[in-house]
Amino acid sequence: MKLLVSSLFGQAIKAATVGAALMLSISAGHAQSSSPFAGFDGAWSGNGTVALSDGTTERIRCKADYKVNGSGLGLKQSLHCASDSYKFDLSSDVTSQGDRISGNWSEASRNIFGNLQGTAGGGQIEVFVEANGFAANLTLRTSGNRQTVQISSKGEIRGVNITMVKS
């Protein structure tokens, strides 16, 4: 009888341990997927096109780096792109409250900076960025290891379309 109780107790402990491990992994997966920036973290590279205000369109090569903070509610982004005659270096620091995001951005080669606001979730970020004399819409879509970036404005850059893959 004592051996049976000991054996049942041992099996109960094993079952509880497996159950706890499953619950932790499910909770961790849920916490990560509930982050508005889930799927963005890491290094990305690819190419696309940039349309300039003079009507020309050029091929562009880009590299991006995204760092999601430990809570999953903050994102730092750097996006470096260059074509044969054009380049830009865009950085942003964004925080979220629910699906609403806000933050700051800068473009180093032109020494401009401003604010951004918009929404994030489900592998997509949509923001309106603005600075003194400049405004643009920026959309990032991530699915697995593929990401698209679209920028549209009425300034020197009229449109950017980039497709990147995670390194």
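Biologist: What is the volume of the largest pocket?

Modeller: Rolling a probe the size of a water molecule over the atoms shows where empty space is left. Here the largest pocket has a volume of about 270 Å³, where a pocket is an open set of points on a 1 Å grid over the protein atoms alone, at which a 1.4 Å probe fits, with protein on both sides within 12 Å along at least five of seven lines. The volume is the space filled by probe spheres set on the points, which are joined across faces, edges and corners. Please bear in mind that this is a predicted model, in which local features need pLDDT of at least 70 and side-chain atom pairs count only at pLDDT 80 or more, while totals for chains, interfaces and linings use all residues. Residues are numbered from 1 along each chain as its sequence is written, and side-chain values use heavy atoms, leaving out hydrogens and water.

Biologist: How are the rings of W105 and F134 arranged?

Modeller: A pair of aromatic rings is described by the distance of the centres and the angle of the planes. The structure holds four aromatic pairs, counted when ring centres of Phe, Tyr or Trp (its six-membered ring) lie within 6.5 Å, with planes under 30 degrees apart called stacked, over 60 edge-to-face and the rest tilted. In one of them, F40 and Y66 have their centres 5.8 Å apart and their planes at 65°, so this pair is edge-to-face. For W105 and F134 the centres are also 5.8 Å apart, but the planes stand at 55°, so the pair is tilted. That pair links strand β5 (residues 100-107), which holds W105, to strand β8 (residues 134-143), which holds F134, 29 residues apart.

Biologist: Is W105 buried or exposed?

Modeller: W105, at 5% relative accessibility, counts as buried, whereas F134, at 25%, counts as partly exposed; buried means under 20% relative accessible area, exposed over 50%, and partly exposed in between (1.4 Å probe, protein chains only).

Terms used. Helices (H or I, at least four residues) and strands (E, at least two) are DSSP runs, numbered from the N terminus. On a 1 Å grid over the protein atoms alone, a cavity is a set of points where a 1.4 Å probe fits but cannot get out, and a pocket is an open set with protein on both sides within 12 Å along at least five of seven lines; lining residues have an atom within 4 Å of a point.
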